[in-house]
Every structure is written in C-alpha cells, then in structure tokens.
Amino acid sequence: MLKSLASLSHAALIALISLVISGCHKERSYPVYRENPVPADALPIIIRVHDAPLEIPTPKVSVTYQIDPLCLPPIYNYEGVQYEPNQHTIDPPVRRISATEFSSTVFKDGMEVADYYGSGPCTWTPALVEASFAFIIDDRPIRASVSALFSEIEGGKTFTAYIKRALPPMTTGQTPSRTPTEPSSWYEKMPQDKRKEYFPIEVSTRVEGTTP
C-alpha cells in the first residue's frame, strides 16, 4: 500500500514539473500597441551638427514612448519579471534643411490611448528623442547617436552631445560599429587643448541656432 502511495506521489510530482515547464515555455502574446492616426500635439525639433570632419548623412529620428505602468497586468510569474512591453518607438520623417541642419516633428500624443489590457484606457508619455547618424569614415560605417529627454527638449532646453572627430568604434566586431558620445557636462571639464578633438551635435526646438 505504501509503495503504491509513493508511486502515486512520484507520478504527481512529475506531472506538476511537466506542467510548470510547459507553462514556462508557452509562447506569450501581447496586444499590438497602436500609433495615434491623428496626432495633434506637435513639437518641431531641429538637429544641428557643427564642424563635422566629414559629410553629414540625414539622421534617423526616433521617439520612445512609455506606457502607464498601472495599465500593465500584475506580475504573477516566479521570476518577478514584467514581460509585457512597456515602451514603443516611432520614427518620424526627417527633412534636411542644409548641409548641417535637419528638422523633424515629434508628437506628444503620438501613441493611441486604448484599453490594451482590459483594465481601462492606457496613456503614454514620450520619454526620449534620439537622432542617429550613419557616418562613413575610411570606407567603414559607424553610427553616432544622440539621445535627449523629451521633457527637457519640450521645455526649451538645447541638448548637446560631443563626438570624437576620429569616430573611434566603441567595440570591435560590430557592423555597423557605434562611436561613443559625451554630454556637455563632461565636455566642459575637458582641457581646452583636448576640445578640438570633438565636434558637437545639438537637438533643440530653436529655429535660429548659434555654433557652440
């Protein structure tokens, strides 16, 4: 009798483990986040590149939006991980104004407010604006990206990042490689004789700009 109970317990344990494993490997599906088809809250931005050492390509502009975390389902999994995506990125069109200036329009209401998880309408907050340049130097592609907080740009602040004129790769073996960018606070602490090794890229809402 005891042997039979032990066999049943063993079988139950195996079944439980199999159920947990199958649950872990179950393919997850998430709602499709939708962009606002008629955004109205526009923020025109200007991207300027100063004293670049080579021809400047038209950048790719991206806006990252964050969903209201209270809209996301509760975390019940053993890992304590929020699997549902909490961000969405939109790439608005970019227009070249001159050899060194570009314009784009980003929208504060770029994402559609909707009931994605059955708990009420989910709102979105624009978090980051990124301008990414695909430079070519010595026949090798290298990418330089400048990110700015949406709230600061919206508030009238000019975000400036500095890139080494030699465009060194951050890591080797990547295609295309990325080159590091440094913030203004870092650049301002640099000795004067070293500053000539860098060129600035700025993102702002200012129509008229001056060279830093």
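How many bridges join β1 and strand β11 (residues 198-204), and in which sense do they pair? In this predicted model, β1 and β11 pair in the antiparallel sense over four bridges. Arg48 stands opposite Glu202 in β11.

Strand β1, residues 42-49, also runs antiparallel to strand β5 (residues 101-107), to which seven bridges join it. Here Pro44 stands opposite Thr105. β1 is mostly covered, with six of its eight residues buried.

A further set of strands forms an open sheet: five strands in the order β3-β2-β6-β7-β9, with mixed pairing. Its edge strands are β3 (87-90) and β9 (177-178), each of which pairs on one side only. Within this sheet, strand β6 (residues 124-137) and β7 are antiparallel and share 10 bridges. Ile136 has Pro141 in β7 as its bridge partner.

| Strand pair | Sense | Bridges |
|---|---|---|
| β1 and β5 | antiparallel | seven bridges |
| β1 and β11 | antiparallel | four bridges |
| β6 and β7 | antiparallel | 10 bridges |

Strand β7 spans residues 140-149 and includes Ala144. Ala144 counts as buried because its relative accessible area is 0%, against a cut-off of under 20%. Apart from neighbours within four places in sequence, Ala144 is in contact with Ala131, Ser132, Phe133, Phe135, Ile163 and Thr179. The C-alpha atom of Ala144 is separated by 8.3 Å from that of Leu167, 23 residues apart along the chain.

Terms used: Residues are numbered from 1 along each chain as its sequence is written. This is a predicted model: local features need pLDDT of at least 70, side-chain atom pairs count only at pLDDT 80 or more; totals for chains, interfaces and linings use all residues. Side-chain values use heavy atoms; hydrogens and water are left out. Helices (H or I, at least four residues) and strands (E, at least two) are DSSP runs, numbered from the N terminus. Buried means under 20% relative accessible area, exposed over 50%, partly exposed in between (1.4 Å probe, protein chains only). Contact means heavy atoms within 4.5 Å. Two strands pair if DSSP finds at least two bridges between them.
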